[in-house]
Amino acid sequence: MHQYQVGGSLPPNSLIYVRRKADTELCDRLKAGEFCYVLAPRQAGKSSLMVQTIDRLQGQGIKCVTIYTSNMGTPTDDEPQWYASIINTLVNTLELSEEINVRSWWENHHHLSSVQRLSEFIEKELLVRITTQLVICFDEIDSVLRLKFPVDNFFGLIRSCYEKRARDQKYNRLTFAVFGVATPLDLIQDKKRSPFDIIGREIKLEPFQDEDEANNLRIGLDGKVHNTRVALKEILNWTGGQPFLTQKICKLIQDWQYDISEGLEADEIQYLVTENIIKNWETQDKPEHLQNIPHRLIQKPIQRTISRLKLYQQILEQREVDANGSLEQIELELSGLVVKQSGKLKVHNKIYQAVFHAGWVGKQLDVIRPYADRLADWIASNRQDTSHLLRGKELQDGLSWAFDKNLSGEERQFLKASQNLEKQELQKADRSFTLQKSIIWAIVAVFGLAIIYQLGSKIIPIIPHNQSNSSKTNNISNPNNISERLSSGERRLFREKSNLDLDRGTETFKSANYPEAEKLFETAKNSAPNDPESQIYLNNTIARQKGSPFKLAVVIPVDNQAESAREILRGVADAQTKFNNSGGVNNRLLEIIIANDGNEEPVAAKIAHQLANDPVILGVIGHNSSNASDAALPYYEKVGLAMISPTSTSTDLNLKSKVFFRTVPSDKAMGEKLAEYAITNLKLDKVVIFSDSGSYSTSLRRAFDGYFTQQGRSLTIVDLRSSDVEKQLLQNIEENKVGAAILLPSVDTTSVAISVAKANAKLPESQRLKLLGGDALYNPNTLIDGGNAVKGLVLAVSWFDRDTSYAANAQERWGGNISWRTASSYDATQAFIKALSDKASRSTVLENLRKVQLSEQETSGYPLKFESNGDRNGKALLVEVSEGAPAPKNSKYGFKLIETSGNIQE
């Protein structure tokens, strides 16, 4: 399979290089001796175009030299070195080093300026020794903008070479081309010397137009996509033909563990783009592409940045604007963010629009300055209209913002003018106030002191605003403070029930009075024996008294799924208690830091950032949902902090990270388990899948889909977030003759999945479908809310109580049956404990986890070993909703482990 290349120049023989109109035009124009320039956004294919063109020209006997201006020096290099390096590159590339000693030649012409020496070299040496046509290409020409000397002379030299053709025929053999990210106005200020306006030929590098033009990209999709043409069309729908992004999505498909079935191209490609490019784009942008756009947009002078952002904001609002060739429009085009089509400027593609949305633009404008609009209007009035200056609170906010900023001259003038205006107005107000006081005292002299009382309330409003309320301060606390979401014992995270001893314990723990806190947490634990929070805080208090505890964090969804969060903590508390009671490692015990992310991705990311920046934390247990895990992983990956999730099943997580592990079987294992059961035991050929398109449950659906369709079976897919799921159930029964409904909801859509089961139960018995499902339904609510409708429902799950020693002890400790979340969290904590050593560090823990092997006596009941990708080396289990099985209150049904035939029998 031919590999795609994301970033860098494609070699001349590349089978996936897409030839565009620019390829033919550039080659023809250079052969004709014209000065050509390709000024386009980064990663638009400029360098690949240059490489391909040079290869074609050399194949026709034309000599070519490429000079990479970015490699010719730093901004501190002087002018002679820069020009000498051009001559040196020409000599070495054209193999003239035996004939010309560059150092000697340069010194022998010291009486000439640097640019004159290059001109002399071209005329007296280069064009004398090279008698064939010669093309000199300057790549990354925008790097000249960083030089500490003017480059107008350089571009003036290029222009002079063309002007000399009229009197010296050998200059007809010399042709120049430049490639880069800049406008002609950026590169040269003197129009009289510019080669761009008079002799230049602009080569427009357009995006890939359609799947026909980009047809050869399909070569790498063979074997991964059933309909490569439809897939390529969908890719271009996302990228707008942008070469880098197009190659990147093709490679994502090529490297994905799943194939894309016909009819699912749009859904699957949308998933890949969202999860691997758009989501958390700042951390996933490797090699850098999206980050180059803000770098290009946001740079000095500030006023031009504001103009670019305002123009882009307008394009987002109106979808397109008329192209007028203004500087702002040209600069916006060079950022790559917009493209000109049919005389209109539009956002280049859907990916850019998703990443650089209106909210992002607003945020950038706010970051630039809080008075951006006022400053722009003041400058536009030629600094005359004082109505645009700042006053009062706006002025104070502006001065506070500007305190530690490197301001432009315009900004300093603006703020100074605002201060002067306010001073003048206050002085005027003071004079008015003095006059009013004089009048008042005159009235008092005539009518007596009683008038003062009547007028007092009327005097107050005219006091200048800077003289009132001066002692007030704004002390509003931030309710989203991440530190308030973390606790080793300093605060309660679960507050539904009162527990005075737990409250007192946290206050005492906060003051580091650990012996007293130990007593209070012990009492709190005894008064609420099924509450794992007090148990963990008790363990932490004892660990701190021992000194130098190991520290792990566990991240749970207290806000939105408090009971699931407790289930996770119970397993963690069990493993911590067992380890600490055994004396730990060399008397060092384990402290657990509890963090609450509420299963909310932005909060998860912030918590991950804080945990990653605390070097004493050796590992993280969590996060709960796959979405939250995905948001957090980039921060852990960056610092090499291991994360073991006891609940996140998405197969896409371990594709993105080398620090990710899990103690629950992946979606791949559970999806294939369900599919094989459907084929082997239920003898099904057609099914309908109800899944949640807005979550990681799609990962489970893809696993089922892949296995089921590879065995020659067929399926249809219904989105649980659509408004007519029950209608689509009936439609699939009548039209597609399906034999089962596969319910794969996320946590958010379990209620919809149960409604599907209830709609199925209302059908005549002969029409009812078999029901299968994922582990999101493996909880008591399914049994209670589903009732008779879920009888016979078969679920793929990660763990089932088989009367293991851990399960028996945990049930006694917590006063009832424990869940799979408790078991897998216990296993995750046990794995970390196994990886600890007296001199444990993040790197040693990460290395040891890859070698961890735990027997069934050391876990919740099943041996534990991690595969190379971080998955648990184990199988998924199948349970069935059945009468007679242990059932929760308010339900006559429970879950029982079922025996199966075929390869999946336990």
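A residue is called buried when its relative accessible area is under 20%, exposed when that area is over 50%, and partly exposed in between, as calculated with a 1.4 Å probe on protein chains only. Y806, at 6% relative accessibility, therefore counts as buried. The model is predicted, with local features requiring pLDDT of at least 70 and side-chain atom pairs counted only at pLDDT 80 or more, while totals for chains, interfaces and linings use all residues. Residues are numbered from 1 along each chain as its sequence is written, and side-chain values use heavy atoms, with hydrogens and water left out. Helices (H or I, at least four residues) and strands (E, at least two) are DSSP runs numbered from the N terminus.

**Aromatic pairs and charges over rings**

- Rings of Phe, Tyr and Trp (its six-membered ring) pair if their centres lie within 6.5 Å, and planes under 30 degrees apart count as stacked, over 60 as edge-to-face and the rest as tilted; the count by this rule is 26 aromatic pairs.
- Y806 and Y826 form a stacked pair, at 4.0 Å centre to centre with 20° between the planes.
- Because Y806 belongs to helix α34 (residues 805–814) and Y826 to helix α35 (residues 820–835), this pair ties together parts that are 20 residues apart in sequence.
- Y826 is buried, its relative accessible area being 4%.
- One aromatic cluster includes F35, Y37, W82 and Y83.
- A charge sits over a ring if NZ of Lys or CZ of Arg is within 6 Å of the ring centre and within 35 degrees of the ring normal; the charged end of R117 sits in this way over the ring of W106, 4.1 Å from its centre.

- R544 lies in helix α24 (residues 532–546) and, at 23% relative accessibility, counts as partly exposed.
- With contact meaning heavy atoms within 4.5 Å, and leaving aside neighbours within four places in sequence, R544 is in contact with S488, E490, F509, Y514, K551 and E591.

- Two strands pair if DSSP finds at least two bridges between them; an open sheet of three strands has the order β6-β8-β7, with antiparallel pairing.
- Since β6 (321–322) and β7 (338–341) stand at the edges, each with a single partner strand, one side of each is left without a neighbour in the sheet.
- β7 and strand β8 (residues 344–347) run antiparallel and are joined by four bridges, with K340 standing opposite L345 in β8.
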